[in-house]
Amino acid sequence: MKLILDQNTIQACREAAEKIALDIQNIIDDHSTVAVERTILRMLGIDGINAFDIPYVNLVVEHIQTHADITKGVAHYFAKAIENTDFSPQQIAEKIASNAIDLSIYDNEKPAPIHLLTPYLENTERKILAQKATRDQWTTPKTLPDKYVIVATGNIYEDIEQAISAAKKGADIIAVIRTTGQSLLDYVPYGATTEGFGGTYATQENFRLMRKALDDVSKTENRYIKLVNYASGLCMPEIAAMGAIERLDMMLNDSLYGIIFRDINMKRTFVDQYFSRVISAFAHITINTGEDNYLTTSDAYDHAHTVVASQFINEQFAKNAAMKEELMGLGHAYEIDPNIENSFSYEIAQAQLSRQLFPNAPLKYMPPTKHMTGDIFKGTMQNTLFNIASVVTKQNIHLLGMLTEAIHTPFMSDRAQALNNANYMYKAFKDFADEIRIEEGGIIDQRAKSVLNDAKKLLDTIAEEGLFKTLEKGTFAGVSRSQTQGKGLDGVFKKHQTYHNPVIDRMLKALKEAT
Amino acid sequence: MAKWMRPYGDTMNDGKIQLSFTLPLNNNAHGEACAKAYAEALNIHDVAVVHAETLSDGFTFYVVYGTASKQIDAASIKATEVETDVMDKATIETFIETHFNRPLTFIGASTGTDAHTVGIDAIMNMKGYSGHYGLERYKNINAINLGSQVDNEALLEAAVKHQADVILISQTVTQKDVHIQNLTAFIELLEAEHKRDDFIVIIGGARINHSLAKELGYDAGFGPKKFAFDVASFAVQALRDKKKNV
């Protein structure tokens, strides 16, 4: 099964997206954020919290903001502090927390001996590369979509129970949904947690506990079970670093999602997503982009082209972060209204179009949610059609639809039912796509072409007016955002001329050497 | 007059019922006997465990059919529903013209930590849901959708600023009753600021109903399968009645 697409149109889409991302990259390169600085501190090995549960990395950044000049970057202060004391970064952070060190004495223009940070960065990088090697040993190429389920109990220990059960029923990927509201916290909570709403806090300890449980079940099931969390919100790069250290395998990570759906400032998001993608590229973590969310808000039929346009933009942002195509889990969703005649054909057109536009990307396909009603029997039918579309168009990351979507966070049995449904359809439709042809001039052919043409027009407009303006106009999901507003803007700053981010420099160098 | 009844399978009052549940037991004869015993403990007899499936070590899922022995008197059961006339879009638009000499402002948000906009969007956005246009499309209605994760304080501040007539609150996440706490806090805030009577305040969401809304101190509550016209019908009539009483 193959669509015949105009290669010139596809090329034009890519070129427009390249221009869009490049414009933004100039802004990214000039700025840093408090989250970026905290990430550098984490990469230097700083961990832990004070007596009031405030992470040391936050205390350090706040200290520099208050008493010195954050625009020079944390690397400036730590390199000089290490030069002048015998303390490790962790010790320095603890002493800042107890007011035993004041970094303002290093607030001068004298160049910082950044190389003194190298041993500490190398130490963390070694951990990340060891995790990557462990994953590489396990992973085998897949021909059918990876079955992805979520756990969302709020309690990491319950999540582990649910995850093990799902893995035993055939799930390939477990995503631990975050507690509602975490994306707007400007710090990462610490330790194992048991209280969350609609999900569980993303903490490094929770990552470690779940990874350990999944490693155990991977051994008994003799296949590697992947773990997913969210490198998104106000702590995007920090969570990417924590995930790299604890061997997460995928991270939800979108260049526009936080701006549109969480009202996070656009500069903040672009700068943070860049660093988080460099880290994920280095750690070989697959990102999942969030285009599916446009369709939960806007209509899937009318706004299909915005999904494609955003996929092209996300692809370019990932390329700018030196990420390989095989790590770009570009997203889309089966959100078409079931009342539309030929809805399945339109959906096949969209899914097959994404497949052919991004042949090397592990596409992430999201199940019906918007039109799930509480009628669990109808919901099962909707999920069945989604499962068929996924296997027939050879999607890679297949998020299973729950029959109780719109009712409650999934029961253990809901997940098992979803896996049974997917397994049945995978088997029934295994080679079906190779047996059929798309009729030229038919519904699927025409629809795919018109979506692609509309995406091209949109990308051309965005390239002309710039992404900031597009976001202000509310082109994506009908939500309008201003570049001078939004959460986290006060944590964005223009880099001083002596600014260094040694983590990005080192990782980009390693990534370029590898290619 | 009493109207006693049981569930209907294919014969009146046969009491046929289907249920499915998971027990923390291994999938074997003992587990199945326990599933049957559990259904019996729920006052179901002639229990047939038609399907048993292992979910994980020590967890089995059962599908069970049986005959419910309990009956209820339907005539004695009361339900609270929103008791205003339901009008269509055009009628609502005319109603506003007739009863008010200005457009009405509806301000809405998904509040607290709730990140879901699907509910508030279905009611407010131009497109609406399931073929029913949202409030943005209504003539004489000024619809302001603040989106998700809006603080109670920020919602009230915006409502005052825009001189809203109606406040709409959507709550999707209901785990551990987080929505109850949040909805209670908003009413308390309104009362503390002496602004409860300035607005018609309506809540909505998959697990919201009118009785819950009344209990929490709201004017109305709308659950699943309710559209913009349901909400607007109630709101415009409530505003008219409020005007009369002043």
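The model is predicted.

**Stop 1: the two domains of chain B**

Colour residues 4–74 and 89–245 of chain B. The domain assignment lists the former as domain 1 and the latter as domain 2. Taken over C-alpha atoms, the centres of domain 1 and domain 2 of chain B are 40 Å apart.

**Stop 2: an open sheet in chain B**

Select β2, β4 and β3 of chain B. These three strands form an open sheet in the order β2-β4-β3, with antiparallel pairing. Which strands are at the edges? They are β2 (16–23) and β3 (44–56) of chain B, each pairing on one side only. From one strand to the next, the twist averages 20°.

Now pick out β3(B) and strand β4 (residues 59–68) of chain B. Nine bridges join this antiparallel pair.

**Stop 3**

Next, show helix α1 (residues 29–41) of chain B. Helix α1 lies across β2, β3 and β4 of chain B. Relative to β3(B), α1 runs at about 135°.

**Stop 4: strand β6 of chain B**

Move to residues 104–110 of chain B, which make up strand β6. Is this strand mostly covered or mostly exposed? Mostly covered: six of its seven residues are buried.

Select strand β7 (residues 141–145) of chain B as well. β6(B) and β7(B) run parallel, joined by five bridges. Here B:Thr105 faces B:Asn142 in β7(B). Trace the chain between the two strands: the path leaves β6(B), passes through helix α3 (residues 118–124) of chain B and reaches β7(B). This β-α-β crossover is right-handed.

Then select strand β8 (residues 166–170) of chain B. β8(B) also pairs with β6(B) in the parallel sense, over five bridges. B:Ala109 stands opposite B:Ile169 in β8(B).

**Stop 5: a serine in chain A**

Finish at A:Ser480. This residue is in the loop between α18 (467–473) and β11 (492–494) of chain A. A:Ser480 is partly exposed, because 13 other C-beta atoms lie within 10 Å. Setting aside neighbours within four places in sequence, A:Ser480 is in contact with A:Glu472, A:Lys473 and A:Gly474. Last, select A:Asn501, 21 residues away from A:Ser480 along the chain. Their C-alpha atoms are separated by 32 Å.

Definitions and conventions. Residues are numbered from 1 along each chain as its sequence is written. Chains are lettered from A and ligands numbered from 1 in the order in which they are written. This is a predicted model: local features need pLDDT of at least 70, side-chain atom pairs count only at pLDDT 80 or more; totals for chains, interfaces and linings use all residues. A residue is buried if 20 or more other C-beta atoms lie within 10 Å of its own, exposed if 12 or fewer, and partly exposed in between; C-beta atoms are placed from the backbone. Helices (H or I, at least four residues) and strands (E, at least two) are DSSP runs, numbered from the N terminus. Two strands pair if DSSP finds at least two bridges between them. A crossover is right-handed if, with the strands pointing away from the viewer, the path from the first strand over the helix to the second runs clockwise. Axes are lines fitted to C-alpha atoms, for helices over the stretch in contact, and angles run from 0 to 180 degrees between N-to-C directions. Two residues are in contact if their C-beta atoms, placed from the backbone, lie within 7 Å. Domain bounds come from an automatic or database domain assignment.
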